[in-house]
Amino acid sequence: MSDSTPPSALVDAPQLGFTMNKNGARTDTREQKAVYDIMIATGNPWATEIPDVCRGRWHGIECMPDKNNVYHVVSLSFGALSDDTAFPTCDPTRSYISKSITKLPYLRTLFFYRCLSNTPQPIPAFLGRLGPSLQTLVLRENGLVGPIPSELGNLTRLRVLDLSRNNLNGSIPVSLGRVIGLRSLDLSGNRLMGQIPNFTLPSLNVLDLNQNLLSGPIPSNIGLSQSLIKMDLNRNRLSGPIPDSISGLKNLILMDLSFNRLTGPFPNSFKNLDSLQALILKGNPMISTIIPNNALEGMKNLVTLILSNMKLQGPIPSSLARLPKIRVIHIDGNGLNGSIPDSFRGLKSLSELRINDNQLSGPLPLDKDMLWKMGRKLRLYNNSGLCFKYANNGDFAGDSDLLMEWGIGCCSVHRAGMARSVEHTLKSRNNNVDNMPTLVNNSSKLVHKYWVLHLLCLLFVVWS
């Protein structure tokens, strides 16, 4: 059998192990020697004592037979992924990827995890010679350095490429655009620079490029990768507006573009992403950008919305209150103004709300039960005009500590024949408070404010 025998010659069915029997099942001799070389290179010389590596196989090696009952190595995995896995570990002081890997013409999966961390080395270009067979290449957390070799673009059968959590630099090779069957591309946690290539990968489900140094715009044809389920580009230096073509990502479930340099306008195209469950744009300086009132319309599956610290302005869009499954809303650290839409009362699934550090005003349109449910996951402080309006059938007199922590007080109430009012306690203070003797330290002042707020709420209950 020659090295050029196509991988399809294998009997593609589960193999439960085998022994040398009357049919003469055996491992291909050249592949057996290659496995010995690879095991020695990872600090596992014990493998050379195994007379047939497929017959006496261990966790971390998988073999399959061809029609002549000759077994071939289809998968090699190294590294302690978890306590439940028993892949061969590597000697971190001297491990390397042996060139003998290229002598495994049927290899479909190559997995190295935390094997090369103490011996920084580049990704071997010879891995590109595994193009006819390799489908999964995982070199995660190995301390790899240097650029991603363009030869990886020759791995045209590749489905999964994971080079995450290394120290790779340079740009993303344009040659990866030739791997049109790629389903998962994870290059996160490196030091990659330059622009994201404008290639189209129609089968791509996962694109994870977070925590790099990538710059320039989000590719304009990103919407052509219509199989995307997860797109994580957070913590880069991407700039410019979010392209309207993103509306083509109908299957997208998670989009994280946070902590970049993206600018407005706020895309209207988001409303077409009806599969999206998490939208995270935190930390992009969309200065003076107003969220269109219908920007979130139709996002019927959205669960998490994070728009913190984006310098957004204008009112909270009413479409935000029409998200039937929303549980987490973070719109803190912006310049949002006006009142919170009354329709927020209908957000029965809401479990976490951060609207602090804005310019919101008016009564909080949430009932007491919803506020209690969120507890300390509710952040309202630093909104000078925001307050809580007491219902006739209840009060917060016994929960002044929560009101203080949330950063709001009672809304102003004026009654006929009564020249008294309970003012927003964080906006203005009662004259009696101003005239009290100065306390000796900040902690005493905080305790004092707490009791003043408590007394005001009790007074309100008495007047009611």
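This is a predicted model: local features need pLDDT of at least 70, side-chain atom pairs count only at pLDDT 80 or more; totals for chains, interfaces and linings use all residues.
Trainee: Fine. How many helices and strands does the chain have?

Mentor: Five helices and 28 strands. Among contacts with a separation of 6 or more, 57% join residues 24 or more positions apart. As for the surface, the chain exposes about 21,500 Å², and carbon and sulfur atoms supply 51% of that area.

Trainee: On to sheets. What is the strand order in the open sheet of five strands?

Mentor: The general idea comes before the case. Strands of a sheet pair through backbone hydrogen bonds, in either a parallel or an antiparallel way. Here the five-stranded open sheet runs 19-21-23-25-26, with parallel pairing. Strand 19 and strand 26 (409–410) are at the edges; each has a single partner strand, so one side of each lacks a neighbour in the sheet.

Trainee: Over how many bridges do strand 19 and strand 21 pair?

Mentor: Two bridges, in the parallel sense, with strand 21 covering residues 335–338. Take Gln313: its bridge partner in strand 21 is Gly335.

Trainee: And the open sheet of four strands, what is its order?

Mentor: That one reads 10-12-14-16, and the pairing is parallel. Its edge strands are strand 10 (193–194) and strand 16 (261–263), each pairing on one side only. Strand 10 pairs with strand 12 (residues 213–216) over two bridges, in the parallel sense. Look for Gly194, whose bridge partner in strand 12 is Leu214.

Trainee: Now single residues. Is Leu323 buried or exposed?

Mentor: The cut-off for buried is under 20% relative accessible area. Leu323 has 1%, so it counts as buried. It sits in the loop between strand 19 (313–314) and strand 20 (328–330).

Trainee: Which residues does Leu323 touch, leaving out those up to four places away in sequence?

Mentor: Leu296, Met299, Leu302 and Leu347.

Trainee: What polar contact does the side chain of His330 make?

Mentor: The side chain of His330 meets that of Arg354, at 3.4 Å. His330 belongs to strand 20, and its relative accessibility of 9% is why it counts as buried. Setting aside neighbours within four places in sequence, His330 is in contact with Leu305, Ile306, Leu307, Ser308, Glu352 and Arg354.

Trainee: Let's do rings. How many aromatic pairs does the structure hold?

Mentor: Three. One of them is Phe78 with Phe112, which is stacked: the centres are 5.0 Å apart and the planes make 25 degrees. This pair links distant parts of the chain, with Phe78 in strand 3 (residues 70–78) and Phe112 in strand 4 (residues 109–113), 34 residues apart. Phe78 counts as buried at 1% relative accessibility, and Phe112 does too at 0%.

Trainee: Why is the pair of Phe266 and Phe270 edge-to-face?

Mentor: Planes over 60 degrees apart count as edge-to-face. The planes of Phe266 and Phe270 stand at 80 degrees, with ring centres 5.6 Å apart, so the pair is edge-to-face. Phe266 and Phe270 are both buried.

Trainee: Where does the charged end of Arg235 sit?

Mentor: Over the ring of Phe259, 4.2 Å from the ring centre.

Trainee: Last topic, the backbone. Which peptide bond is cis, with omega near 5 degrees?

Mentor: General idea again: most peptide bonds are trans, and most residues other than glycine have a negative phi. In this chain, the bond from Gly264 to Pro265 is cis, with omega near 5 degrees. You'll find Pro265 in the loop between strand 16 and strand 17 (278–280).

Trainee: What is phi of Gln211 near?

Mentor: Near 60 degrees, a positive value in a non-glycine residue. Gln211 lies in the loop between strand 11 (206–208) and strand 12, and its relative accessible area of 40% makes it partly exposed.

Trainee: And where does Asn309 lie?

Mentor: In the loop between strand 18 (304–306) and strand 19. Asn309 has a positive phi of about 55 degrees although it isn't a glycine, and its 40% relative accessibility puts it in the partly exposed class.

Conventions. Residues are numbered from 1 along each chain as its sequence is written. Side-chain values use heavy atoms; hydrogens and water are left out. Buried means under 20% relative accessible area, exposed over 50%, partly exposed in between (1.4 Å probe, protein chains only). Contact means heavy atoms within 4.5 Å. Accessible areas come from the Shrake-Rupley method with a 1.4 Å probe; for residues, only the protein chains shown count as cover. A polar contact is a pair of N or O atoms within 3.5 Å; within protein, one must be able to donate a hydrogen and the other to accept it, and residues adjacent in sequence count only if both atoms are side-chain atoms. Two strands pair if DSSP finds at least two bridges between them. Rings of Phe, Tyr and Trp (its six-membered ring) pair if their centres lie within 6.5 Å; planes under 30 degrees apart count as stacked, over 60 as edge-to-face and the rest as tilted. A charge sits over a ring if NZ of Lys or CZ of Arg is within 6 Å of the ring centre and within 35 degrees of the ring normal.
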